[in-house]
Structure formats: structure tokens, C-alpha cells
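This report is for a reader who meets the structure for the first time. Please look over the sequence and the model before reading on.

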Amino acid sequence: MREQHARIAELLDRLDGEVAAWRGGGTAAHGERVAGTLDEIRGSLFSHLGQEEDIAPVAAVTLSQEEWDLMGQHGMAETPKDKLLMQLGAILDGLDPEERKHFLKNVPAPARLLWALLGRRKYAQAKRELYADLSSA
């Protein structure tokens with residue numbers, strides 16, 4: 001799993017550079033590189049997430065609440081602070097309204113306030129830009 005995480009992080013770093021070049025007036029070749037890296041990310045994620053789904057039911061009955069909490073704390077500590085609201089947006093985006101409501105109950109009050117005041121709009125703008133870039137490709 002760690003190797004898969006490292007590989008996905010490597011691909012995301014590569015994608016950042018490729019998207020910057022593409023946005024800077026890139027050619028069709030730049031777009032092809034972006035698309036190729038996205039395909040690699042997709043394949044890596046499908047494989048990885050499938051394995052995580054296999055692990056989750058075992059972990060649910062094996063790990064204590066304290067261990068689950070430590071995993072969450074570790075994830076928060078490893079996520080750059082300037083990416084936390086985007087990560088929260090991506091998580092919430094994948095939930096139905098009832099799940100979203102339940103999830104947000106467990107988010108600390110200051111983070112919920114930041115999400116309401118800044119994060120929601122920032123995430124929506126980033127998502128609009130992403131989809132606009134993809135539709136113009």
C-alpha cells in the first residue's frame with residue numbers, strides 16, 4: 001500500500017507540472033501528456049482503491065477506535081495545510097446529503113466554519129476550472 005501511495009503521489013506531482021505547461025499555452029503534445037498521466041493515475045487508483053475496499057471490512061473489526069483516530073490524525077498531519085479544504089471538498093463531493101451531514105458532524109467546529117466561509121466556494125471554483133479546462137481540451 002505504501003508503494004502504491006508513493007506511486008500515486010509521484011504521478012500527481014508529475015501531473016502538476018504537465019498541467020502548468022498545458023495552461024501556459026501548451027500544445028496538443030502537452031495535452032496528450034496530461035491525458036496520459038491522468039490515465040496512469042486512474043489505473044493506479046482503481047487498483048489501489050479496490051484493494052483498500054478489501055481491507056476496510058477487516059480493519060473495521062480489527063482496529064480499535066483509538067487506532068482509527070490515529071489513522072485520521074496521521075492523514076491530516078501528512079496533508080499540506082493549503083490542501084485541507086480541497087480534500088474536504090473532494091470527500092464531501094462523493095457523499096450523498098445524509099452522509100455529508102453525518103460526516104460534517106465529526107469535523108471540528110473551526111474547520112466547519114472555514115469550510116462554510118471559504119472552502120465551499122474555493123472548492124466549487126477549483127472544480128469549475130478543472131471541468132472547464134477538461135472540456136476545452
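The sections below go from the whole chain to its core, its surface and its salt bridges.

## Basis of the report

This is a predicted model, in which local features need pLDDT of at least 70 and side-chain atom pairs count only at pLDDT 80 or more, while totals for chains, interfaces and linings use all residues. Residues are numbered from 1 along each chain as its sequence is written, and side-chain values use heavy atoms, with hydrogens and water left out.

## The chain as a whole

The protein chain has six helices and zero strands. Its pattern along the sequence reads α-α-α-α-α-α. Helices (H or I, at least four residues) and strands (E, at least two) are DSSP runs, numbered from the N terminus. The C-alpha trace spans about 50 × 35 × 25 Å along its principal axes.

Of the 137 residues in the protein chain, 15% are buried. Buried means under 20% relative accessible area, exposed means over 50%, and partly exposed is in between (1.4 Å probe, protein chains only). The accessible surface of the chain is about 10100 Å², and 60% of it belongs to carbon and sulfur atoms. Accessible areas come from the Shrake-Rupley method with a 1.4 Å probe; for residues, only the protein chains shown count as cover. Among contacts with a separation of 6 or more, 58% are between residues 24 or more positions apart. Contact means heavy atoms within 4.5 Å.

In soluble globular proteins, nonpolar side chains tend to be buried together. Here the largest nonpolar core has seven residues: Leu85, Leu88, Leu92, Leu104, Val107, Trp115 and Tyr123. Helix 4 (84–93) and helix 6 each supply at least two residues of this core. Helix 4 gives the most, with three residues. A nonpolar core is a set of buried Ala, Val, Leu, Ile, Met, Phe, Trp, Tyr and Cys residues joined through side-chain atoms within 4.5 Å. Leaving aside residues up to four places away in sequence, Leu92 touches Arg100, Phe103, Leu104 and Trp115.

How many aromatic pairs are there? Rings of Phe, Tyr and Trp (its six-membered ring) pair if their centres lie within 6.5 Å; planes under 30 degrees apart count as stacked, over 60 as edge-to-face and the rest as tilted. By this rule there is one aromatic pair. The ring centres of Trp115 and Tyr123 are 6.4 Å apart and their planes are at 50°, so the pair is tilted. Trp115 is buried at 7% relative accessible area, and Tyr123 is buried at 17%.

Leu113, Leu114, Leu117 and Leu118 make a nonpolar surface patch of about 380 Å². Patches are made of residues with over 30% relative accessible area and no salt bridge; like charges are joined within 9 Å, and nonpolar side chains (Val, Leu, Ile, Met, Phe, Trp, Tyr) within 5 Å. Leu113 lies in helix 6 (residues 109–135). Leu113 counts as exposed because its relative accessibility is 52%.

## Salt bridges

The model has five salt bridges. A salt bridge is a side-chain nitrogen of Lys or Arg within 4 Å of a carboxyl oxygen of Asp or Glu. One of them joins the side chains of Arg7 and Glu40 (2.7 Å, N to O). Arg7 is in helix 1 and Glu40 in helix 2 (residues 28–62), so the pair ties together parts that are 33 residues apart in sequence. Arg7 is partly exposed at 30% relative accessibility, and Glu40 is partly exposed at 32%. Arg14 also forms a salt bridge with Glu40, with the closest N and O atoms 2.5 Å apart. This pair links distant parts of the chain, Arg14 in helix 1 and Glu40 in helix 2, 26 residues apart.

Another salt bridge joins the side chains of Asp93 and Lys127 (2.8 Å, N to O). Asp93 lies in helix 4 and Lys127 in helix 6, so this pair ties together parts that are 34 residues apart in sequence. Asp93 is partly exposed, with a relative accessible area of 38%, and Lys127 is partly exposed at 31%. Salt bridges that share partners join Arg7, Glu10, Arg14, Glu18 and Glu40 into one network. Not counting residues up to four places away in sequence, Glu18 touches Arg33, Val34 and Thr37.
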